[in-house]
Amino acid sequence: MLSKDQRQKRIQEIIARENVATQGELVALLRADGVQVTQATVSRDINELRLVRLPMGKGKHRYSLAQYRGNENLEGELARLFQNFVHDIDRGENMLVIRTAEGHASGVALLLDRLRRDDIVGTIAGEDTIFVVARSIEEGETILEEFHELMLG
């Protein structure tokens, strides 16, 4: 039986060498490798490892390890993700809700976290929704405007 760290390392190795599109495929590859795991465990591992789903064309996607360098690259990548995958942004007081295409919330949230902005307290991502907490109501308004600009290009 592998430890959690060993299992997650194995997932990273599989993702690096294979085009894995779904959690089910990843479970099958792990089991073929002798790792007994449930899809629920793999889902948690994907979130903890902050794997992102990258488009491969023709509606297909694959999981990938997020690799970003420098804030300039982060901001450019964030703009690209907002334009391609963010469908709606709403705000209530200092809290924002970002709706994305299915499977893309964690990738967008990862970039927001990597920016380490003082005006964002934190993010929580699900499958297609990101919850963003701004430091104040005023900063929430400013962030909403900025995110709308990113979304519209």
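This is a predicted model: local features need pLDDT of at least 70, side-chain atom pairs count only at pLDDT 80 or more; totals for chains, interfaces and linings use all residues.
How many salt bridges does a search of the whole structure find? The search finds nine. Among them are some that form a network linking Arg117, Asp119 and Glu146. Another joins Glu13 to Lys9, with the closest N and O atoms 3.9 Å apart. Both of these residues lie in helix H1 (residues 4-17), four residues apart, which is about one turn of the helix. Glu18 forms a salt bridge with Arg17, and here the closest N and O atoms are 3.7 Å apart. Glu18 is partly exposed, at 32% relative accessible area, while Arg17 is exposed, at 52%.

## The sheet

Let us turn to the strands. Strands of a sheet pair through backbone hydrogen bonds, either parallel or antiparallel. In this structure, four strands form an open sheet in the order S3-S4-S6-S5, with antiparallel pairing. Strand S3 (86-92) and strand S5 (120-125) are at the edges with a single partner strand each, so one side of each has no neighbour in the sheet. On average, neighbouring strands of the sheet are turned by 15 degrees against each other, direction ignored.

You can follow the pairing strand by strand. S3 pairs with strand S4 (residues 95-100) over six bridges, and one place to look is Val86, whose bridge partner in S4 is Thr100. Five bridges join S4 to S6; here Val97 has Phe131 of S6 as its bridge partner. Five bridges also join S5 to S6, and these two strands form a hairpin with three residues between them.

## Helices across the sheet

Which strands does helix H5 (residues 105-115) lie across? H5 lies across S4, S5 and strand S6 (129-134), running at about 160 degrees to S5. Nine of the eleven residues of H5 are buried, so this helix is largely enclosed by the rest of the structure. The buried residues include Ala105, Leu111 and Leu115. Helix H6 (residues 137-152) lies across S3, S4, S5 and S6, at about 165 degrees to S3.

Ile130, Val132 and Ala134 make up its covered face, whereas Thr129, Phe131 and Val133 make up the uncovered one.

Not counting residues up to four places away in sequence, Ala125 touches Ala105, Ser106, Ala109 and Ile130. Ala125 counts as partly exposed, at 22% relative accessibility.

In soluble globular proteins, nonpolar side chains tend to be buried together. The largest nonpolar core here has 26 residues, and those with the most contacts inside it are Leu78, Phe82, Ile89, Leu96, Ile98 and Phe147. Helix H4 (71-85), S3, S4, H5, S6 and H6 each give two or more residues to this core. Apart from it lies another core, of 14 residues, among them Val27, Leu30, Val37 and Tyr63.

What does Phe147 touch, leaving aside its neighbours within four places in sequence? Phe147 is in contact with Phe82, Ile89, Leu96, Ile98, Leu112, Arg117 and Ile120.

Two residues in loops have a backbone angle to look for. Glu93 lies in the loop between S3 and S4, and its phi is near 60 degrees, a positive value in a residue other than glycine. Arg116 lies in the loop between H5 and S5; its phi is also positive, about 50 degrees, although it is not a glycine. Arg116 is exposed, with a relative accessible area of 68%.

Finally, an unreviewed UniProt entry lists residues 82-148 for "domain: Arginine repressor C-terminal". Over residues 82-148 the chain is 40% helix and 37% strand, and the end C-alpha atoms are 9 Å apart.

Definitions and conventions. Residues are numbered from 1 along each chain as its sequence is written. Side-chain values use heavy atoms; hydrogens and water are left out. Two strands pair if DSSP finds at least two bridges between them. Axes are lines fitted to C-alpha atoms, for helices over the stretch in contact, and angles run from 0 to 180 degrees between N-to-C directions. Contact means heavy atoms within 4.5 Å. A nonpolar core is a set of buried Ala, Val, Leu, Ile, Met, Phe, Trp, Tyr and Cys residues joined through side-chain atoms within 4.5 Å. Buried means under 20% relative accessible area, exposed over 50%, partly exposed in between (1.4 Å probe, protein chains only). UniProt positions are given in the numbering used here, feature names are shortened, and annotations may be inferred rather than shown by experiment. A salt bridge is a side-chain nitrogen of Lys or Arg within 4 Å of a carboxyl oxygen of Asp or Glu.
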